[in-house]
Amino acid sequence: MENEQGKTGNYSSELIDELKDKARKIRIELLEAIYKAQSGHPGGSLSAADIVTALYFHKMRYDPQNIHWDKRDYFILSKGHAAPVQYAALAELGVIKKGELDYLRQLGHMLQGHPDRMKTPGIEASTGSLGQGLSIALGIALGLKIDKEKDRKVYVMIGDGEMQEGQIWETILKAGNLGVDNLVGIIDYNGIQLDGFVERIDDISPLKEKCEAFRWKTIEINGHDFNDILYALDESDKREGKPIMIIARTVKGKGVSFMENNPAFHGKAPNEEQMKQALQELGKNR
Amino acid sequence: MGEIIKQSLRESYAKTLIKLGKEHQNIVVVDADLSTSTKTALFGKEFPDRFFNIGISEQSMIGIAAGLALKGKTVFASSFAVFASGRDWDQIRQSVCYNEVDVKIVATHGGITVGEDGATHQSNEDIAIMRILPNMRVIVPADAFETERVIEKVYGIKGPFYVRLSRENFPVIYDKDYKFELGRFDVLRKGKDGVIFAIGKEVYESLSAAEELEKEGISMTVINASSVKPLDKDLIYQYAKEFDRFFVVEEHQKIGGLGSAIGEFITEERPIIIKKIGIDNIFGVSGKADDLIKYFKLDSKGIYNYIKTVMGG
């Protein structure tokens, strides 16, 4: 299997299978949370699930028992509306109790509609107003540079619709000029935003050319192929004096047939019948 | 008063930053292509590794500042007040205040005394839009000495601050022994007939007006209310018991500024009349700073005339 740049990883099938199963569980948990809340964003959470899984369960230097570990890597969810995928991952890691997922978006509970670092352990930065997480990530990356903490990195996941924000391009310009090579952006390029298809609302392509013109190294991958994802993340370890943008082609609503590529499930919870089908497709009782 | 000595608040800011920067390695400064004007370039010259000129990108600047703070830095972010507060308001709200990070926004060029650049560059709304933000604190120093004390003080207190400085050099009111306390006003002059609360340049203008009023037999207390948020509630309450009317003078719109802040607090406690001397809900215009201050009746003469008329002198 090859990605668009003709390269892909060759990781052990045990590792790939393990990550696949973890991602499947995370999809089930995030959907159950959204279903119980009858509120939240399933589409963009599902599209990001494989990448978030690869980061938390394989790539990142991260200790769930010591979330303030001073050697940890950072993960910033700039597309904060995909919070359920991060919450499910944190619950799988044991950073938050699994029971918290039952109270997503409910008054008096820690899991806010968008990530809140003050209320939820494991959240590095509160996000939700689109366009801001990338700048925050660059700030952290610069802080790591100042402190000469060379082994640590900042991963930031950006929505494709979010790429329409002006602030994103301000920061892409600055990060490229600074050559901040401990910053890894990952664009969840699922092609759909709230109002419909990104291409029709305000096309952001060609992303590779744009990012490269702004002096970023780019890696294009299939954001649901773990060989691709792991390859891109390992490739981003090479310090080449440039920030890295992983352009991950994904499917909005990935894993649930009727949500896939369906703008209706950007920010809508499934009903009872839909939930039953979704869980069946994701192999809840497997 | 003898010869008026004026000093630059911006230079005092930069000088203090450099002094703090030498003592504290965790101070980082960001600016958005106005560092020559805000004077943060002086810090950049001294500490190139801890200074970032982000370019004309205020939104990105504030996000980067928030990120640096999340990595343990105390970040000073500077631009002109109109841009530092307005162009990036949502970033300040979300990335700084909601995240409760240690970012100090030190805005220069507040108010109409920006002068010739005109309405687009004059900031008469910044106090209103900054003080409404949860977790934000707002300070408006009255001279170069107070600026130094304020910058030292805000460095020592974790969390977001907005400090409003001016393009203009301000007449010196304090000396090096002055101490600034958050949530405390400073009574500069005591009078028995009325009380003036003022901030920024208007502290000096109010003191001058009070001197002239004294000659007319009107004896005014003048208070430097630099700690706009948090207010000195005890002091306000104390004066509200003494007087049934406050005068509030500020180089800011009457909507949402110091006068509003004082009113929001004290009218929950006592009935009181608050006479606001500030700028109406209009945009500024180009002109020399001194001419504009007169045009908007924020010079000592304007304050004197207003108070004399109201007090029936």
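Where is B:P230 found? B:P230 sits in chain B, in the loop between β12 (227–229) and α10 (233–242). The peptide bond that joins B:K229 to B:P230 is cis, with omega at about 5 degrees. Bear in mind that this is a predicted model.

If you want to find A:P206, go to the loop between α6 (198–202) and α7 (207–213) of chain A.

Back in chain B, have a look at B:N135. B:N135 isn't a glycine, yet its phi is positive, at about 75 degrees. This residue belongs to the loop that runs between α7 (126–131) and β6 (137–139) of chain B.

**Where the chains meet**

Now for the contact between the two chains. Chain A puts in 26 residues and chain B puts in 25 residues. Together they bury about 2,100 Å², and carbon and sulfur atoms account for 54% of that. On the chain A side, A:Q132, A:I146 and A:E170 stand out: they supply 24% of the area chain A buries against chain B, more than any other three residues.

Which helices of chain A each supply at least two residues of the side that touches chain B? Those are α4 (133–146) and α5 (166–178). The largest share, nine residues, comes from α4(A). By class, the side of chain A that touches chain B holds nine nonpolar, eight polar and nine charged residues.

**Salt bridges**

Side chains of opposite charge can pair when their charged atoms come close. Over all chains, a search of the whole structure turns up 44 salt bridges. How many run between chain A and chain B? The count is three.

One partner is A:D147, with the closest N and O atoms 2.8 Å apart. B:K71 also forms a salt bridge with A:E149, and the closest N and O atoms of that pair are 2.8 Å apart. Why does the pair of B:K71 and A:E149 join two chains? B:K71 lies in the loop between α4 (58–70) and β4 (74–80) of chain B, while A:E149 lies in the loop between α4 and β2 (154–159) of chain A, so the pair links one chain to the other.

**Cavities and pockets**

| Space | Volume | Lining by class |
|---|---|---|
| Largest cavity | about 80 Å³ | five nonpolar, four polar, three charged residues |
| Largest pocket | about 330 Å³ | eight nonpolar, six polar, seven charged residues |

The lining of the largest cavity includes B:G110, B:G111, B:V140, B:P141, B:R164 and B:F170. Also among its lining residues are B:K201 and B:E251.

As for the largest pocket, 21 residues line it. Which of them lie nearest its centre? Those are A:H68, A:R72, A:R117, A:E124 and B:L70.

Terms used: Residues are numbered from 1 along each chain as its sequence is written. Chains are lettered from A and ligands numbered from 1 in the order in which they are written. This is a predicted model: local features need pLDDT of at least 70, side-chain atom pairs count only at pLDDT 80 or more; totals for chains, interfaces and linings use all residues. Side-chain values use heavy atoms; hydrogens and water are left out. Contact means heavy atoms within 4.5 Å. Buried area is the accessible area (1.4 Å probe) that two parts lose on being put together, summed over both. A salt bridge is a side-chain nitrogen of Lys or Arg within 4 Å of a carboxyl oxygen of Asp or Glu. Helices (H or I, at least four residues) and strands (E, at least two) are DSSP runs, numbered from the N terminus. Ala, Val, Leu, Ile, Met, Phe, Trp, Tyr, Cys and Pro count as nonpolar, Asp, Glu, Lys and Arg as charged, and the others, Gly among them, as polar. On a 1 Å grid over the protein atoms alone, a cavity is a set of points where a 1.4 Å probe fits but cannot get out, and a pocket is an open set with protein on both sides within 12 Å along at least five of seven lines; lining residues have an atom within 4 Å of a point. Grid points are joined across faces, edges and corners, and a volume is the space filled by probe spheres set on the points.
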